[in-house]
Amino acid sequence: MKFQQLRYFIEVARKQSISAAAAELFISQPSLSQQIMSLEKELDVPLLIRHSKSVSLTNAGEQFLVHAQRIVGEAQQLEELMHKHKLLQAGTIHLGMLWIAGYLNLFQIMQDYQKRFPGISFDLKIDGSARLLEKLLKREIHCAFILGTDEQLEQHKDLFFRKIMSDRYVAVASSNDPIAAGDPISLKELNGRRVIMPSTASAFYNELSLWFERYHITPQAVCETSQSDTVIRLAEAGFGIGFSSESIARSLKTRNFSIIQLKEQMIRNIYYVSLKELLDYPSVRSFTRFVTHYSFPES
């Protein structure tokens, strides 16, 4: 059974005439008649009652017509939907977002994109960088915003990535702490001080630990967490010196804690990542182009 035969049969049933249907379909009457007979032969059941100048449907033909109309109708709807996808009038982008996306104003990108393409929706997966990259490589999401480095991402040959913003790490401390005088400090000055360390699962933990090892100092780790608001609230309450990206620290700033510049340059890079193969998808290709040309705020 061919899809074209369904269309032919629907037209014959509508016109109640093979000759009239043939004229509507721009094919010869013998050709159309042969197509209908081939369909009946394949199904091994008559669909039409043939009269001298017209046709009518058998009981089987009436049931066949109902299903044929549904199949053809759904196929037309599918074709229209795919056309909308092509024109970016429909579709869903499965996007991975960092826990800290709100502090980085990443949700604004989604809002601005949907203003231009209101037919495209987002399905969000919010997680840490390692889990989001894993989901992307497993094809569970289309794209993501993650923390990383060029060296790390270059290990995945099928990955498309673009650095979209950079942010420096700063120290945060209670405003009552003498270290919060305002001048930049070195990590050397934290020897013996209570420190709120980042989570051991974060790349920043390794980078910070290397600096401490280089200076041969051992700060007193109060706890380990990469939850920015928790770090800042602990530092604010005087439980230790914490570390945060400068943009997040400024977004959470109160008079009760101070942001202290570090002499050591420790940079956090935010990347947009997708898979090269997914850039063939109209919605993913469009969103990727939008992100890579987006005007992000200066760090």
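Q: Which residues of H1 are buried?
A: In H1, the buried residues are Gln5, Leu6, Tyr8, Phe9, Ile10, Glu11, Val12 and Ala13, where buried means under 20% relative accessible area, exposed means over 50% and partly exposed lies in between, computed with a 1.4 Å probe on protein chains only. Helices are DSSP runs of H or I with at least four residues and strands are runs of E with at least two, both numbered from the N terminus.

Q: And where do these values come from?
A: This is a predicted model, in which local features need pLDDT of at least 70 and side-chain atom pairs count only at pLDDT 80 or more, while totals for chains, interfaces and linings use all residues. Residues are numbered from 1 along each chain as its sequence is written, and side-chain values use heavy atoms, with hydrogens and water left out.

Q: What span should H1 have, at 1.5 Å a residue?
A: Helix H1 covers residues 3–15, and its 13 residues should span 18 Å, which agrees with the 19 Å between its end C-alpha atoms; the expected span is 1.5 Å times one less than the number of residues.

Q: What comes just after H1?
A: Gln16 follows, with a positive phi of about 55 degrees.

Q: Switching to charges, how many salt bridges are there?
A: The structure holds 16 salt bridges, each being a side-chain nitrogen of Lys or Arg within 4 Å of a carboxyl oxygen of Asp or Glu.

Q: Which residue does Lys15 pair with?
A: Lys15 meets Glu24 in a salt bridge, at 3.7 Å from N to O. Lys15 is partly exposed at 33% relative accessibility, and Glu24 is partly exposed as well, at 41%.

Q: What about Asp177 and Arg193, how far apart are their N and O atoms?
A: Their side chains form a salt bridge at 2.4 Å, N to O. Both residues lie in the loop between strand S6 (159–174) and strand S7 (194–197), so the pair ties together parts that are 16 residues apart in sequence.

Q: Is Asp177 buried or exposed?
A: Asp177 is buried, with a relative accessible area of 17%, whereas Arg193 counts as partly exposed at 28%.

Q: Which residues are joined into one network?
A: Asp127, Arg131, Glu134 and Lys138 are joined by salt bridges that share partners. Within this group, Glu134 and Arg131 have their closest N and O atoms 3.2 Å apart, and they sit 3 residues apart in helix H6 (residues 129–137), separated by about one helical turn.
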